[in-house]
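Student: I would like to learn how to read a model of this kind, one feature at a time. Could we take the general idea each time, and then the case in hand?

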Amino acid sequence: MVQMTFDGPLLEKPKTLRIRFQKTGALKYISHLDLMRTMTRVIARVHLPIKYTCGFHPIPHLVFSAPLPVGAESPHEFLDVAVLRELDPASVVPLLNAGLPAGLAVDAAYFAETKFQAIASAEYTIKIHTPGASADVAKYCGDVLSEKPITVLKHTKSGDKNVDVSPAILGVTSSFDEENGDIVLQICLRADSGSFLNPDYLLRYLSDQTGLLKGSPLEEWYTVTRTHLFDANGQDFV
Amino acid sequence: MCINEKQMSGILRSVEKPGRYTGGEFNQVIKDKQDVRCRFAFVFPDVYEIGMSNLGIRILYHALNSQPDIWCERAYTPWPDMQEKMETYHLPMTAHESGDPLGVFDIVGFTLQYELCYSNVLRTLKLAGIPLYARDRGEEHPIIIGGGPCSYNAEPIADFFDVFSIGEGEEALPEFCRLYIEMKENGTYTREAFLHEIAKHEGFYVPSLYDVTYHEDGTICAFVPKYDDIPTKIKKRIIEDMDKAIFPEKLVMPYIETVHDRVMLEVYRGCIRGCRFCQAGMVYRPIREKSPELLDKQARCLYENSGYDEMSLVSLSISDYSQLETLTTDLLKWTDEEKVTITLPSLRVDSFTESLMEKISSVRTGGLTFAPEAGTQRLRDAINKNVEEEDLLREVNIAFSAGKSSVKLYFMLGLPTEELSDLDGIADLADKVVGAYFKNPNRNRAKGVTVTISVACFIPKPFTPFQWEAQDSLEELEKKQKYLLEKITNRRVKYNYHDARVSRVESVFARGDRRLAPALALACEEGVMFDSWDEYFNYDKWMDIFARTGIDPAFYANRTFGKDEVLPWDIIDCGVTRAYLWRERERAYQNQTTPSCAEHCNGCGANCLGGKNKWCK
């Protein structure tokens, strides 16, 4: 294990350190809370000097960017922590990686110049493997998700409600991957807090409308990858 | 059958908590199969979150994996939703690290922590496609070994196991694997030859090498060894010097939340108390402590390697640790700064001091828990729970002064010699604790007091002074539970009690013998599992199974066993002698207490096992 201590001078005001990491492989099945616990512990192991909540039982203050559905992979997830001491952000990367499994590899750490509120939309690639898939079926799937309205049953605090989620869908393109026989959907969804749409709702809608993904998981399966987080100008969020 | 990762993803998405099955935890041990000469699958026959919380497995996983040519992996019983998928798609039961089916392992070990896991043991074997009965297994199947507290009376499940490891396993299990490797490699291995050979090693019980004969009245006549070179009694193994015991520096870190998701620091083994109902207090003797210096070092190491923010000091009765003061002082020197919380479970009222309270209240603790076990002094004396009412009231007052406002009290119902007045005593004691709160001038006035009394049913356990006692009938237990409910009128007292039907089935298996095997096999066939979970436990089903297999549950649960009767667990020597246990039973009926090991050696017999300890003569 890489040994290092963070003994730089105390900062006058804590700085936001942004950690960019992946969530892939078996780690895609862990929930947001599980992720939080895992990161909390790795940060404690490397003694990163970060701000803890005040109170009887201090816990580290961690803020994650737009939530990722359980089961979805992502090459770029973001975690913000407030550091209390002067430090070289790049030095944090190998330390964290020594304590993390490959599925949560950290790719970069830097002082943040933006806020998570700047995240406006997210792009997902959904691949559906199903017997009888074809370019026509792929196009049909794309059309189904481009309709208006798209009414889904949403869990809300005040109970289950039928909601038209089409305003949160910013773009849908579909294609057919001849080589693997996969239907490929590229979907851009709103991801600002308040209008965030979980792509699982669209998959369920698609499945209900088309009958796809209703069979045995040994014959039909799908993957979801969040490929980008964008700001309001359509630029990759950093 | 084998399926790819994408196919698996559909299955994982459709079950509760997929993190139970994905493995890949930080610090899990992966080895190159080329370098491995013995593959061991360690099964905890319950769900992942429970199994991952077990300290024993953490230690044994490390003890086995510290041998370069042995690879120990973990496995847990899948939750029924996953089992359904496994059946539908013909997926085998696999180990966590490699994902290989249990059937390909050399050895499959089960830890037997509670009797109600037996149905899960069989279920897990079935999911693995391994024949349930040891006699039906061939050379191609793994050796099935059991261990843990229930192996002190393994008779009800003896027919399903090839061998049991009796006592502490950190030296025994590697030794077991070494013999396996040696015999495999020098060509002398057959299942039969190996089991005969291991039976000669101390601490290994091969049930198939002992015939059991019975009297006409159903009691056991004798255990007859099939060979004259194997012991007539199997003596348990212990680690002599806890300061030299192997210690897992790296913990496998679960991603999903587990029951005990924290550092567990084992402080000592054994117990100086002699509570007459308590099996752990007898079978883990003699007392062997670790030194505070070593513990501080180990605690620091575990924290550095895990990042856990909570550390629990583990032992049967933590306040009996002779150097607790030194240990907590040393720990608090660094834990506060690192924001690590220390928790002390299992406090005894009589030795719970004010300074200890100050220490633990400087870190987070939940409510406080005390275990008076019985409501009157008479009955507390009879069960040798050396706690006085004044002790309890003094301690709760210290707690109330420190700002605590909730106290939990553990009791047992159906204890030998119990009368209704003892149950009245439970209600009275709870009232007195509530009263103490209101009389305490320093109490936390912002909160109202809550006293929770949690009442379990007495279960006679092997190797205790009460091993001969009958459990109250189900009707009596339920009547007593109802009686107590009516006695509790104080609205600040919350009353919880265990399902007496669960305790009765537990009692049957705790004191059962080999004739219970057909019932377990039938239960497995009929889908019985997860008996320790309320939502799966089905009493009527068990009674039906007992009836169909010709078993009278009362013979095991509700019968007073004879003084000279051969007990199903007589094949095991746990150190503590039968003469001592009987002496203690007699004292119980005279309401006489017995001093702790720290005060006086009572000659229990455990000193014959050796071990470096402070108390034994």
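Student: Which elements are included in what covers the buried residues of α1(B)?

Tutor: Bear in mind throughout that this is a predicted model. The cover over the buried residues of α1(B) includes β10 (221-231) of chain A together with α4 (80-88) of chain B. The buried residues in question are Met8(B), Ser9(B), Gly10(B), Ile11(B) and Leu12(B).

Student: How many residues does each chain bring to the contact between chain B and chain A?

Tutor: The general idea comes first: the size of an interface is often given as the accessible area lost when the parts come together. Here we have counts of residues instead, with 27 residues of chain B in contact with 24 residues of chain A. On the side of chain B that touches chain A, α1 (5-13) and α9 (292-306) each supply at least two residues, and the largest share, seven residues, comes from α1(B). By class, that side of chain B divides into 10 nonpolar, 10 polar and seven charged residues.

Student: What elements does chain A have, and in what order do they run?

Tutor: Chain A has four helices and 10 strands, and from the N terminus on they run β-α-β-β-α-β-β-α-β-β-β-β-α-β. Its C-alpha atoms fill a box of roughly 60 × 40 × 35 Å along the principal axes. Of the 238 residues in chain A, 30% are buried. If we take the contacts in chain A with a separation of 6 or more, residues 24 or more positions apart account for 72% of them.

Student: Which residues make the contact where helices α3(A) and α4(A) cross?

Tutor: For helices in general, there are 3.6 residues a turn in an α-helix, so residues three or four places apart point the same way. In this case, the axes of α3 (residues 135-146) and α4 (residues 199-210) of chain A come within 10 Å and cross at roughly 115 degrees, and the crossing is right-handed. The contact is made by Cys141(A), Val144(A) and Leu145(A) from α3(A), and by Leu202(A), Leu206(A), Gln209(A) and Thr210(A) from α4(A). Sorted by class, the contact of these two helices has five nonpolar residues, two polar ones and no charged ones.

Student: Turning to sheets, which strands of the six-stranded sheet in chain B stand at the edges?

Tutor: To read a sheet, one begins with the order of its strands, which here is β2-β1-β3-β4-β5-β6 in an open sheet of chain B with mixed pairing. The edge strands are β2 (70-76) and β6 (204-205), and because each has a single partner strand, one side of each is left without a neighbour in the sheet. Elsewhere in that order, β3 (residues 107-111) and β4 (residues 143-147) of chain B pair in the parallel sense over five bridges, with Thr111(B) standing opposite Gly147(B) in β4(B).

Student: Is Ile57(B) buried or exposed?

Tutor: Burial is judged by counting neighbours, and 20 or more other C-beta atoms within 10 Å make a residue buried. Ile57(B), in helix α3 of chain B, counts as buried because it has 22 C-beta neighbours inside 10 Å. Leaving aside neighbours within four places in sequence, Ile57(B) is in contact with Phe42(B), Phe44(B), Gly51(B) and Thr111(B), and Thr111(B) is the residue that stands opposite Gly147(B) in the sheet.

Student: Why does Asp424(B) count as partly exposed?

Tutor: Asp424(B) lies in helix α14 (residues 420-439) of chain B, and it counts as partly exposed because 15 other C-beta atoms lie within 10 Å. Not counting residues up to four places away in sequence, Asp424(B) touches Gly375(B) and Lys487(B). The C-alpha atoms of Asp424(B) and Gly375(B) are separated by 7.2 Å, although the two residues are 49 residues apart along the chain.

Student: Finally, how many residues are in contact between the two domains of chain B?

Tutor: The domain assignment gives domain 1 (5-166 + 169-235) and domain 2 (242-511 + 561-607) of chain B, and their C-alpha centres lie 30 Å apart. Between them, 37 residues of domain 1 are in contact with 34 residues of domain 2. On the side of domain 1 that touches domain 2, the largest share, five residues, comes from α3(B), and the residues of that side divide into 19 nonpolar, eight polar and 10 charged.

Notes: Residues numbered from 1 in each chain as written. Chains lettered and ligands numbered in written order. Predicted model: local features only at pLDDT ≥ 70, side-chain atom pairs only at ≥ 80, totals over all residues. Axes fitted to C-alpha atoms, helices over the stretch in contact; angles between N-to-C directions. Left-handed = near helix turned anticlockwise from the far one by under 90°. Contact = placed C-beta atoms within 7 Å. Nonpolar A, V, L, I, M, F, W, Y, C, P; charged D, E, K, R; others polar. Buried ≥ 20, exposed ≤ 12 C-beta atoms within 10 Å, placed from the backbone. Pairing = 2+ DSSP bridges. Domains from an automatic or database assignment.
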